[in-house]
Amino acid sequence: MVSIGLRALALRNHKSHNLSQDGLMMGEGKTSYDDVGKRRKMGRKGSKKESGFHRNDSNKNESGGASGATGRAQSFSQDKGGSVSQASFVRKQVDPETAKYFSEITNVIEGTEVDVEERSVICGTALEEARGKEVELATDYIISHTMQTLLEGCSLDRLCSFLRSSADEFSQICMDRSGSHVAETALKSLARHLEDDESHSLITETLSVLCEAIVADPVEIMCNCYGSHVLRRLLCLCKGVPMDSLEFHSTNPSVVLAERLNLRSSHVDGHKTLQNQPFPDQLKFLISEMVDPSRADMAVLQANQYSSLVLQTALKLLAGQEEDLIRLIPILLGCPTEAASEENLIEVKTAKKVRRLVEENAYSHLMEVILAVAPDAIYNEIFTKVFKNSLFRLSSHFCGNFVIQALISHARSQEHIKLIFEELGPKFRELLELGRAGVVAALVAASQRLQGNQRECCQALADAVCSRDESSACIIPRLLFLDNYLYSVDKENWSWPSGFKMHVLGSLMLQSIFKYPSEFIKAYLTSITSLEDKYVLEASKDPAGARVIEAFLLSSISAKQKYKIVAKLRGHFGELAVIPSGAFTIEKCFNVSNMSMKETIVSELLPFQAELSKSKQGPYLLKKLDVEGFARRPEQWRSRLTSKQSVFNEFYEAFGQKDAKSSRSDNFLSDSHKITQAEKFKGIRKEIDDGLSSGFVSKSGTPFLAYQGSTKVKKSGDQKSKARGFPKDNDDFSKSKSKKHKTSKDGETLPGGKTSAPKNEKKRRRKEGSSESLNKKLKAGIND
């Protein structure tokens, strides 16, 4: 049998006079490309305009810059091919014989079952035939798909050979609509071999060749919509991050907003970035050459949206590398070259120019990333020289306000918060009316994070929606329906608008507020606890409102105040649980409730078990609250729940902070017995809950700690003598134990029949200061 690989190679010499040129020769016809793209599902999605939250992108020019971009940038786009609708070279047509060959190769690979090894041989042979014709084949609308398949299936040697042979024209391939897919596929295939140490030198050599070719004219490829995409992937490859990592390769507004409001850790945090760069030299070389003033015109790069994306990616990849950032950021700010090494980087002229640039769409995005990754010294310089005394004006701008949000959310000290609040604090009302609630939300979150001007910030937000003459009860409703209130005609007679969707940023501000110390948010506590029952229920059913209720229940305020909100939901726990976001609210309510309210919550969920079991979060909620166990044996469910709390309480009493004991009176487990629930022990409590609910509890309700330290538990007729919730070696209980000879699983037998605890059990022993009276109290609490 003739090898398929040889048959494919033989087709190279076969001539067909009846070959049609339609669809095989390079052309601009859209129909054939669209048909093939749909058939193979390899087409690129339409380019999306990068934007921040509610950013207005309607005023972009053809080159991708903002409407106010300099004429120099616009002329570059027209002269150099920066426009997405033009190419900087004339495509060459593929000769019929070559087109026939690659058409047959496609049929061989896709039409028959080919094993991996033979497929690699076929792909490598076909790529060898493409030598010298890489640009024509890669930029062909149809054959480019075949090239992608070949690059995915070939060996590393063939892949690197293809990239090196096409290096001189790699920029042309990258900037083509079809060629960019081929280039990206080649880089993805290259990334799959990074784990192979033996291939490192070959990949390093290949990347060096590609970087040298790109930096010959970096501005052209950076300002091209297709070329910039490939270049960003190349940067990620040099860094060693996943090629499709959302953190380095896209801008997700929801992710950015969560980071700014302390709801998610920042992916540009220098302490959390990858340290094992596979190709650090190539990365630094490529970035430094891209922004080299002798090669690149910074006025063009600052105004173009595609080059802005490339520079944003480069900055994120360098996060934490202060030396590199200290060299790069002054260049991106437009600082004079001779001043880059001096202490005062930003001159008055430069600062004025930057303030103008941040009002442009492309540069505002770039500045947001600069502020996120800048070392402290550079951040202070930017804050003092560029933004100080201009915060409100820029906050009012539709692009500049996003930069101010980034400036605030990445503030480094309480002094920064103080200076920012002095300018923006008295302007909260105006900012909200201008639709710049994001700036206010960022300052509220930053104030809580850095613990600076907390009292003043809380008061300023309350004053922005509620005058001193009005009751504080209106604060929560007006923030939940912020836009509805601000744009109402009759604000004095405004009331809760039932049926309207709650404001996302208003909800986020309240979530931040409830993280503040309780002494600063008394007005907010009065407002939320005074809500009518129907309004609390309506807020709990709204996704944004539910987050506010949950934040309130997780706050540091007393359990009595939390109970006021939980009690308002009585009779509606079942209908609330079946809502997608309601399961989380029910769980928070259960955690802060006393025993009688916990029973009420679970009993109201019983009729909804079938419906909850089919929902996304329902099974988790049913298991977490042990609804089925309550339905079968309520007394055992109650005993098990009490045991969980007792174990946690024992641990806290033994190892918890002494200064936290004063807060015992603010929390409760049952109506008559109050127990401290310190927030720092939530993780420990969760482990106890998981352990008890997953089989570590006996039928009688004995917690898993009772089984530690011995391979066998001694049975007794007296239920009260069982050491439920305590380790076997507890001093108070050891007096009543038999002195028979017992052998520990990992311990040693000592004279007199006593057993020494194994080494890992010694680490678990309680502190020597535990008194007998404490143990008696704990024992009494459990037996109750």
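**Group meeting: helices, core and loops of a predicted model**

Good morning. The secondary structure of this chain comes to 46 helices and zero strands; helices (H or I, at least four residues) and strands (E, at least two) are DSSP runs, numbered from the N terminus. The model is predicted, so that local features need pLDDT of at least 70 and side-chain atom pairs count only at pLDDT 80 or more, while totals for chains, interfaces and linings use all residues. Residues are numbered from 1 along each chain as its sequence is written, and side-chain values use heavy atoms, with hydrogens and water left out.

Let me begin with the chain as a whole. Of its 784 residues, 52% count as buried. Buried means under 20% relative accessible area, exposed means over 50%, and partly exposed lies in between (1.4 Å probe, protein chains only). Among contacts with a separation of 6 or more, 71% join residues 24 or more positions apart; contact means heavy atoms within 4.5 Å.

Next, the core. The largest nonpolar core has 194 residues. Such a core is a set of buried Ala, Val, Leu, Ile, Met, Phe, Trp, Tyr and Cys residues joined through side-chain atoms within 4.5 Å. Helix α27 (residues 437-450) gives this core its largest share, ten residues. Met 147 is one of the residues with the most contacts inside the core. If neighbours within four places in sequence are set aside, Met 147 touches Phe 102, Leu 127, Ala 130, Leu 137, Phe 162 and Val 182.

I turn now to helix packing. Two packed helices are described by the angle between their axes and the distance between the axes. Axes are lines fitted to C-alpha atoms, for helices over the stretch in contact, and angles run from 0 to 180 degrees between N-to-C directions. How do α31 and α34 pack? Helix α31 (residues 504-513) packs with α34 at an angle of about 5 degrees, the axes being 9 Å apart. The two are therefore roughly parallel. Angles under 35 degrees count as roughly parallel, over 145 as roughly antiparallel, 65 to 115 as roughly perpendicular and the rest as oblique. Ser 507, Leu 510 and Gln 511 of α31 meet Ala 544, Arg 547, Val 548 and Ala 551 of α34.

Helix α34 (residues 543-553) also meets helix α33 (residues 533-541); their axes come within 5 Å and cross at roughly 110 degrees. These two helices are therefore roughly perpendicular to each other. On the α33 side the contact involves Val 536, Ala 539, Ser 540 and Lys 541, and on the α34 side Pro 543, Gly 545, Ala 546 and Ile 549.

What of the cysteines? The structure holds zero disulfides, a disulfide being a pair of cysteine sulfur atoms within 2.5 Å. The closest cysteine sulfur to that of Cys 238 is in Cys 211, 4.7 Å away and therefore too far for a bond. Cys 238 is buried, with a relative accessible area of 0%.

Finally, the backbone in two loops. Most residues other than glycine have a negative phi. Asn 389, in the loop between α22 (376-387) and α23 (391-395), has a positive phi near 70 degrees. Asn 389 counts as exposed, at 64% relative accessibility. Asp 626 has a positive phi of about 50 degrees and lies in the loop between α40 (618-625) and α41 (627-632). With a relative accessible area of 24%, Asp 626 is partly exposed. Thank you.
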